[in-house]
Amino acid sequence: QVHVVESGGGLVQAGGSLRLSCAASGRIFSSFAMGWFRQAPGKEREFVGAISRNGDSTNYADSMKGRFTISRDGAKNTVYLQMNSLKPEDTAVYYCAADNYGSSWRLYRYWGQGTQVTVSS
């Protein structure tokens, strides 16, 4: 069992940056790949990016490539989502998830409660 908690969301102007954090507890952090997803009102859950168990592989949705960066700190049992050049269409609730590496939400069993990101134009 893994418990994950997101933080760092908020309101930012277009073109700005935010860094989300996801703290994991429970089983060994290095046992799990970590993923980020988001969901805007009225839309389906969308893959943002993922990082492998040991951090040597990352994968991003096309619309996030070059703007978003995922990293993990094993000493802090935390994964980060650095978001730059934010756009109003990035507004959503962002979720952190833990389990298997990949872009499908079905690969992840453990989910956080989400953190709201709002980008104003």
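**Terms and model**

Buried means under 20% relative accessible area, exposed means over 50%, and partly exposed lies in between (1.4 Å probe, protein chains only). A salt bridge is a side-chain nitrogen of Lys or Arg within 4 Å of a carboxyl oxygen of Asp or Glu.

This is a predicted model, in which local features need pLDDT of at least 70 and side-chain atom pairs count only at pLDDT 80 or more, while totals for chains, interfaces and linings use all residues. Residues are numbered from 1 along each chain as its sequence is written, and side-chain values use heavy atoms, with hydrogens and water left out.

**The network around Arg38**

The structure contains five salt bridges. A network of them links Arg38, Glu46, Arg67 and Asp90.

Arg38 is buried, at 7% relative accessible area. One of its partners is Glu46, with the closest N and O atoms 2.8 Å apart; Glu46 is partly exposed, at 33%. Arg38 also forms a salt bridge with Asp90, where the closest N and O atoms are 2.8 Å apart. This pair links distant parts of the chain, 52 residues apart: Arg38 belongs to strand 4 (residues 33–39), and Asp90 to the loop between strand 8 (78–83) and strand 9 (92–99). Strands (E, at least two residues) are DSSP runs, numbered from the N terminus. Asp90 is buried, with a relative accessible area of 1%.

**The pair Arg109 and Asp99**

Another salt bridge joins the side chains of Arg109 and Asp99, at 2.5 Å from N to O. Because Arg109 lies in strand 10 (residues 108–111) and Asp99 in strand 9, the pair ties together parts that are ten residues apart in sequence. Arg109 is exposed, at 54% relative accessible area, whereas Asp99 is buried, at 4%.

Note on methods. Helices (H or I, at least four residues) and strands (E, at least two) are DSSP runs, numbered from the N terminus.
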